[in-house]
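User: I am new to reading protein models. Please take me through this one, feature by feature.

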Amino acid sequence: SSGINAEYGVSLLVLTAYILSRMKKRFNSTQAEVFIAQFNPSGISDIRKFVSYADLNKLNINIYIDFTVNNIFGTKNLHKVRKHSSDRNVYQRALCDLIECFGSKEQMVKLLGFGDFESQDTDVFSMTCYKHCLNVEEALSYYNSTVYNIEMSGPRSFVPAIQHAIDQSHTTGPHAIFILSNGLPNDIQKCCEAMVDASWHDVFVIIIGIGDGPWAGISRLTKFSEDKKFSNSSYILHNSFPDKVDFLRSVVLTLKDFNSSLQEENRKVENSGSRKVD
């Protein structure tokens, strides 16, 4: 009798723990849905919470930086690294904002460059020896070291960055890539075609406009095409926002929309019994 009672007691405890766990998960899920629906961040902590609640922390993040000579205007160099760390250049500011949003031990964030003398418009290079970046200090260290050690060249093309992300997606899954550049590529049509290809490999592309452009015609790069699997590309002009919270709010909401479109498209494929493109 006592053995049966003890066994019953253990079973009751297990059942209670299970019910409480399910209730907690349901509460957390509801809490996340409300937070996302009413998203109005007041600081970076709210941004990072949104990244977690919206499952954006499951994405691989690649940041590609434009090192073409287009960043030099006479004596003005947008990549100039100043002596005082608080006086950051336009690329450093955008890079640090993105790292504050996504850099963590749980999320892979890689820093890459393109447009230097060796890469030109055919390849990209790793600024981190293909390690992932955890925080702002690391990002600035990698970036500053790169600026000191490369020769800027060109021409400017976003195709190598997009193709690199596509290649990586085959083994590591969906990627969100940020292309930091101060202007349009020389080969807009090829870039448009690459973005279409990226949509079939679950790659999101956001062009982060650095400086004053010119930006006329940038919408051609990101407009929706019927050839795309889903809407996967957009552009955000960094200096059009009053502060980093507003900038990052735009970034994470854009990624959430891309992610939702991708999930919806995948559900359609599963329901129709179609086979996903490799």
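**Reading the model**

Analyst: Glu264 and Arg267 are 3 residues apart in helix 8, so about one helical turn separates them. This is a predicted model: local features need pLDDT of at least 70, side-chain atom pairs count only at pLDDT 80 or more, and totals for chains, interfaces and linings use all residues. Residues are numbered from 1 along each chain as its sequence is written, and side-chain values use heavy atoms, with hydrogens and water left out.

User: How many helices and strands are there in the protein?

Analyst: Helices (H or I, at least four residues) and strands (E, at least two) are DSSP runs, numbered from the N terminus. The protein has 8 helices and 8 strands.

User: What percentage of the residues count as buried?

Analyst: Buried means under 20% relative accessible area, exposed means over 50%, and partly exposed is in between (1.4 Å probe, protein chains only). Of the 278 residues, 47% count as buried. Now take the surface. Accessible areas come from the Shrake-Rupley method with a 1.4 Å probe; for residues, only the protein chains shown count as cover. The accessible surface of the protein is about 14900 Å². Carbon and sulfur atoms hold 51% of that surface.

User: What do contacts say about the chain?

Analyst: Contact means heavy atoms within 4.5 Å. Take the contacts with a separation of 6 or more: residues 24 or more positions apart account for 77% of them.

User: At what angle do the axes of helix 2 and helix 8 cross?

Analyst: Axes are lines fitted to C-alpha atoms, for helices over the stretch in contact, and angles run from 0 to 180 degrees between N-to-C directions. The axes of helix 2 (residues 44–53) and helix 8 (residues 244–272) cross at roughly 5° and come within 10 Å. Angles under 35 degrees count as roughly parallel, over 145 as roughly antiparallel, 65 to 115 as roughly perpendicular and the rest as oblique. Helix 2 and helix 8 are therefore roughly parallel to each other. Helix 2 brings Ile44, Ile47, Phe50 and Val51 to the contact. Helix 8 brings Val245, Leu248, Arg249, Val252, Leu253 and Lys256.

User: How do the residues of the contact of helix 2 with helix 8 divide?

Analyst: Ala, Val, Leu, Ile, Met, Phe, Trp, Tyr, Cys and Pro count as nonpolar, Asp, Glu, Lys and Arg as charged, and the others, Gly among them, as polar. This contact has 8 nonpolar, no polar and 2 charged residues.

User: At what angle do helix 2 and helix 3 pack?

Analyst: Helix 2 and helix 3 (residues 90–102) pack at about 60°, with axes 8 Å apart. The two are therefore oblique to each other. Ile44, Ile47, Arg48 and Val51 of helix 2 meet Ile99, Glu100, Cys101 and Phe102 of helix 3. Here the residues divide into 6 nonpolar, no polar and 2 charged.

User: How many salt bridges does the count come to?

Analyst: Side chains of opposite charge can pair when their charged atoms come close. A salt bridge is a side-chain nitrogen of Lys or Arg within 4 Å of a carboxyl oxygen of Asp or Glu. The count comes to 6 salt bridges. One of them joins the side chains of Lys244 and Glu100, at 2.5 Å from N to O. Lys244 lies in helix 8 and Glu100 in helix 3, so the pair ties together parts that are 144 residues apart in sequence. Lys244 is partly exposed at 32% relative accessibility, and Glu100 is partly exposed at 24%.

User: Are Lys229 and Asp202 buried or exposed?

Analyst: Lys229 is buried, with a relative accessible area of 7%. Asp202 is buried too, at 6%. Their side chains meet in a salt bridge of 3.1 Å, N to O. Glu264 and Arg267 form another salt bridge, at 3.0 Å, N to O.

User: Which residues does a cis peptide bond join?

Analyst: Most residues other than glycine have a negative phi, and most peptide bonds are trans. A cis peptide bond joins Gly154 and Pro155, with omega about 0°. Pro155 lies in the loop between helix 4 (136–149) and helix 5 (159–172). Another cis bond joins Gly213 and Pro214, with omega about 20°.

User: Where is Asp55 found, and what is its phi?

Analyst: Asp55 is in the loop between helix 2 and strand 1 (60–66). Its phi is near 65°, a positive value in a residue other than glycine. Asp55 is partly exposed, at 36% relative accessible area.
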